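Visitor: I have a structure open and would like to learn how to read it. Could you walk me through a few features?

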Amino acid sequence: MKITLRTKVNGAILVTFLLIVILFNLIYVPFLQREFDRNLSEVYDYLKIIVEMENDVLVNEIFARHDRALRIHVEDMLKINKILTISLFKASGNLIISDGIKAETEDLKKSQQYQVRNGQYHYRVKWVDKDAICFLKELSLLDEKFGYIKIYFSIEHLNNQQSENRRIYFGLLLTILITMLIMLNIILSNTIIRPIHNLRDIMSSFKPDKQIKMLKLKREDEIGDLINTFNKMSQNLSDNYRDLSYSKEEIEKKNLELSNYQQHLKKLVDERTTKLDEANKRILLQEKLTWFGKMITGIAHELQNPLNFVNNFSEISIDLKKELMETIGEHNDLINEELLEEIKILLDQIENTLDKINLHGQRAGKIIQSMVLHSNEINTDYSHQDINDLLNTSLEFATLNLPPNEMMRKIQYIKKFDEKLPLINVIPRDFIHAIVNIINNSTYAVLEKGSRLQAEGFFDYQPKIIITSTYAGSIVQIVIEDNGTGIASQNLGKIKEPFFTTKPSGIGAGLGLTLANDIISNQHKGRIDLESKEGEFTKVVINIPVQEYHKNKAS
């Protein structure tokens with residue numbers, strides 16, 4: 001199947017447009033979500049104001065147990081636009097009254113009372129086939145709790161507004177695509193395709209023994225050069241055909257030259273084809289990595305919700321155990337001492353188990369956060385971060401998938417953090433990526449040195465990696481030092497160059513320190529320096545000028 005130049009150009013336009021769409025999605029879709037979240041926040045504030053205005057009246061009616069007055073007051077509140085249902089509960093959680101398009105019949109759950117302990121609690125819900133939010137708040141007076149109020153508020157209008165914004169967005173993209181195709185096809189037809197078609201027609205009808213029809217087109221570009229070259233070539237061929245008679249040897253010589261030229265052209269075509277194939281493979285690999293990152297992010301988000309429940313319910317269970325111990329303490333006279341002691345032992349074991357569940361749940365949560373951080377699409381947003389927290393996360397992520405062999409277990413990771421570091425603006429994902437690359441290099445160096453010494457019969461080597469953070473004036477300094485294999489002096493000047501590596505072939509690509517240097521130098525206006533002695537140590541010093549960086553960010 002013949003593919004025309006116009007088809008190829010249109011294909012390139014479509015690919016470019018897809019890249020523009022992806023870029024727009026990275027910018028505009030999060031903007032729509034932030035706008036939606038801001039509207040939700042305004043709804044929460046609106047409901048909070050309504051409840052605070054009605055708080056005293058509702059508390060007085062609940063305290064006086066005027067159910068009829070409460071019902072009349074609830075009916076008046078239901079007249080407020082978009083309120084679907086209002087329910088009132090006693091301080092114990094028992095339902096007092098519920099009215100609206102769908103009345104509730106169940107009491108307030110203990111878990112919801114616990115969640116609203118800090119004043120208010122809200123979440124999204126489907127209520128009578130409508131998107132709504134459930135707003136739950138304590139009713140209190142003079143710091144004394146009298147009950148709870150639950151309001152179901154419709155947010156259908158917010159969803160409709162978001163859908164309308166998306167329709168406008170995609171309509172705009174479609175208009176841009178159509179305009180690009182029309183304009184570029186017009187330009188392509190007038191500037192390239194039509195002259196090439198004319199040239200093709202003349203070439204197809206070319207006969208050296210007849211009068212040559214010259215193309216008359218004045219252009220100062222490659223097409224003009226091609227036409228001028230063709231005109232000259234045609235004229236020369238015609239003149240030579242009429243004026244010269246070639247001998248057999250001359251013809252063979254010309255044929256040989258033509259064959260060599262064809263082989264040269266074939267070689268050039270093969271080289272360009274190979275480069276295009278490599279580029280396509282890189283693009284395909286990038287798309288697969290992007291898809292894999294999105295999949296990891298989705299899995300991490302799905303794991304986060306049940307993990308939150310595990311952590312929350314473990315904390316609730318610990319509180320319930322303490323309440324049970326207090327209740328048992330109030331009735332000691334009803335339980336013999338031996339049974340009481342066994343109950344206390346069992347409850348202590350339960351509390352220890354719950355503490356371990358909560359501890360490992362928190363650790364799993366950090367691992368999930370690291371997964372999300374390292375699998376998201378490129379994020380160029382700066383934010384104020386605690387460098388020590390980022391160093392801890394980097395160390396945890398760097399050691400997450402290391403093989404649990406004997407030498408790995410001997411590595412000592414020593415942290416010397418300055419607790420008075422200021423918060424600085426960084427891109428968390430990229431900063432952690434840089435630190436992880438450096439820690440991975442240090443880990444490889446100490447493991448390699450340990451393996452060599454063991455092979456020589458020395459087993460007293462203690463691998464160490466020391467991570468230090470300090471703050472002096474306007475500089476935050478991070479030092480990562482190891483007692484591994486070190487770097488030869490002749491390689492120190494080349495260690496930051498792309499694809500340069502001291503590791504064996506197939507183990508290192510030579511990009512880890514290059515990427516780390518690019519992230520620290522270009523994105524964070526910092527500097528990476530190296531000190532090393534072959535066979536003894538390597539020290540990587542990272543300096544980030546905090547004050548200067550803040551000025552650059554502000555400008």
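Visitor: Let me start with Lys525: is it buried, partly exposed or exposed?

Guide: This is a predicted model, so every value here is computed from it. Lys525 has 42%, so it counts as partly exposed. Find Lys525 in the loop between helix 11 and strand 11.

Visitor: What is the phi of Lys525?

Guide: Lys525 has a phi near 55°, a positive value in a residue other than glycine.

Visitor: Which other residue has a positive phi although it is not a glycine?

Guide: Look at Asp129, where phi is about 60°. Asp129 sits in the loop between strand 3 (120-127) and strand 4 (130-141). Exposed means over 50% relative accessible area, so Asp129 is exposed at 73%.

Visitor: Back to helix 11. How far does helix 11 reach from its first C-alpha to its last?

Guide: Helix 11 covers residues 512-523, which is 12 residues. Its reach is 16 Å, close to the 16 Å expected at 1.5 Å a residue.

Visitor: Which residues of helix 11 are buried, and what covers them?

Guide: An α-helix has 3.6 residues a turn, so residues three or four places apart point the same way. In helix 11, the buried residues are Leu513, Thr514, Ala516, Asn517, Ile519 and Ile520. Their cover includes helix 10, strand 11 (527-533) and strand 12 (537-545).

Visitor: How do I read a nonpolar core, and which members of the largest one touch the most others?

Guide: Think of a core as buried nonpolar residues joined through their side chains. The largest one here has 39 residues, and Ile387, Phe431, Ile438, Ile467, Ile480, Ile528 and Ile542 touch the most other members. Helix 10 (residues 428-455) supplies the largest share of this core, nine residues.

Visitor: What does Ile467 touch?

Guide: Leaving out residues up to four places away in sequence, Ile467 touches Leu391, Leu395, Ile414, Lys415, Lys416, Phe417, Ile439, Val479 and Ile480. There is also a second, separate core of 27 residues, with Phe36, Leu58, Leu139 and Ile155 among them.

Visitor: Which nonpolar residues form a patch on the surface?

Guide: Val15, Leu19, Ile22, Leu23, Leu26 and Ile27 do, with about 570 Å² of accessible area together. Take Ile22 as an example: it lies in helix 1 (residues 5-64), and its relative accessible area of 45% makes Ile22 partly exposed.

Visitor: Last topic: how many salt bridges does the structure hold?

Guide: There are 10. Between Arg38 and Glu42 the closest N and O atoms are 2.6 Å apart. Arg38 and Glu42 are four residues apart in helix 1, so about one helical turn separates them. Arg38 is partly exposed at 41%, and Glu42 is partly exposed at 42%.

Visitor: Where do Asp270 and Lys266 lie?

Guide: Both are in helix 6 (residues 248-330), four residues apart, about one turn of the helix. Asp270 is partly exposed at 37%, whereas Lys266 counts as exposed at 54%.

Visitor: What does Arg452 form with Glu448?

Guide: A salt bridge, with the closest N and O atoms 3.3 Å apart. Arg452 and Glu448 are four residues apart in helix 10, so the separation is about one helical turn.

Terms used: Residues numbered from 1 in each chain as written. Predicted model: local features only at pLDDT ≥ 70, side-chain atom pairs only at ≥ 80, totals over all residues. Heavy atoms only, no water. Core = buried A, V, L, I, M, F, W, Y, C linked by side-chain atoms within 4.5 Å. Buried < 20%, exposed > 50% of the residue type's maximum accessible area, 1.4 Å probe, protein only. Helix = DSSP H or I, 4+ residues; strand = E, 2+ residues; numbered from the N terminus. Contact = heavy atoms within 4.5 Å. Patch = residues over 30% accessible without salt bridge, like charges linked within 9 Å, V, L, I, M, F, W, Y side chains within 5 Å. Areas by Shrake-Rupley, 256 points an atom, 1.4 Å probe, with all protein chains shown as cover. Salt bridge = Lys/Arg side-chain N within 4 Å of Asp/Glu carboxyl O. Expected span 1.5 Å × (residues − 1).
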